[in-house]
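Notebook open. I went through the fold and jotted down what I looked up, entry by entry.

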Amino acid sequence: MKTLLIYDRPVALNREAHRHLRLRANDRFLHVAALNALPLVGFEFAVAVRDHPIVFAGESAAQALPVALVGLRGGENLHVQRDGHWSESYIPAFVRRYPYALAADGERFQVVLDEAWPGFNTEEGDPLFDSEGKESESLKRTLGFLEEYQSHIRATQAFMGELNRLDLLESRQLQRAVSAGEEAQVLTGLWMIDEDKLKALPADQTQALLKNGALGWIYAHLLSLVNLDRLNARLGQRIEAEKSAA
């Protein structure tokens, strides 16, 4: 997963350099307004399935990783409104962890933050460290969330390895039906699970997928595809709004 996809100036969290830094609460998501797909971990499938098509994105099946499809045009997240607010739908953990992340540093991980994020300041918001230079309760909760998220990334990578071992992924393109005069929109680099191949698996392999929880994630993905129609309708509304504003 592209860990630092939305980070403009990521730096390692430093107890001295960031001792007086505070983080102001934010409810705007303009930093992901131009992304039409957002990384997901398998643990999120159960809640993301209610709102988003869950597909797999990558140049090849071996590189594919799960994403929540949030737009059908390049450079557009249909769940971020013009004022930056997120619509009433599930917000992926990848977005919620921002402006923090865990970044690989050799065989270890270090906490990084995006110094370009305007929510960081020295006057208002939750402090990163207390008066003694120790991690604040707010930062401790954040670090716990980051560690948990990293464990879910590892589980998701194992899940993708299993899908590839069983050759269950097939390449797909998504093309939206357009009205006269509209430019055709085609999304490539997407993968979905071939349900016929899934049904043809030997019983012992299906049982193994059931026991390790992968089967639940697989069917969450398949069930989520009905949300493509909802996303298409959302795009239609956006296009109509653009025409009205023109």
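**Around the cis proline**

I started at proline 99, which I found in the loop between α2 and β6 (100–105); helices (H or I, at least four residues) and strands (E, at least two) are DSSP runs, numbered from the N terminus. This is a predicted model, where local features need pLDDT of at least 70, side-chain atom pairs count only at pLDDT 80 or more, and totals for chains, interfaces and linings use all residues. Residues are numbered from 1 along each chain as its sequence is written, and side-chain values use heavy atoms, with hydrogens and water left out.

The peptide bond joining tyrosine 98 and proline 99 is cis, with omega at about 15°.

**Second largest pocket**

For the record, a pocket is an open set of points on a 1 Å grid over the protein atoms alone, where a 1.4 Å probe fits, with protein on both sides within 12 Å along at least five of seven lines; lining residues have an atom within 4 Å of a point. I noted about 420 Å³ of space in this second largest pocket, a volume being the space filled by probe spheres set on the points, which are joined across faces, edges and corners.

Which element gives the most to the lining of the second largest pocket? It is α3, with four residues. I also listed α2 (93–96) and β9 (126–127) as each supplying at least two. By type I get eleven nonpolar, five polar and five charged lining residues (Ala, Val, Leu, Ile, Met, Phe, Trp, Tyr, Cys and Pro count as nonpolar, Asp, Glu, Lys and Arg as charged, the others, Gly among them, as polar).

**Salt bridges**

I took a side-chain nitrogen of Lys or Arg within 4 Å of a carboxyl oxygen of Asp or Glu as a salt bridge, and the count comes to 14. Glutamate 44 sits in the loop between β3 (37–39) and α1 (45–48) and arginine 96 in helix α2, so the pair ties together parts 52 residues apart in sequence.

**Helix α6 and its partners**

I checked α5 (residues 203–211) against α6: their axes come within 5 Å and cross at roughly 90° (axes are lines fitted to C-alpha atoms over the stretch in contact, and angles run from 0 to 180 degrees between N-to-C directions). That makes the two roughly perpendicular, a label for 65 to 115 degrees. Thr206, Leu209 and Leu210 of α5 touch Ala214, Leu215 and Ile218 of α6, contact being heavy atoms within 4.5 Å.

Next came α3 (residues 137–165), which packs on α6 (residues 214–224) at about 80° with the axes 11 Å apart. Ala155, Thr156, Phe159 and Leu163 of α3 meet Ala214, Trp217 and Ile218 of α6.

Definitions and conventions:
Parallel < 35°, antiparallel > 145°, perpendicular 65-115°, else oblique.
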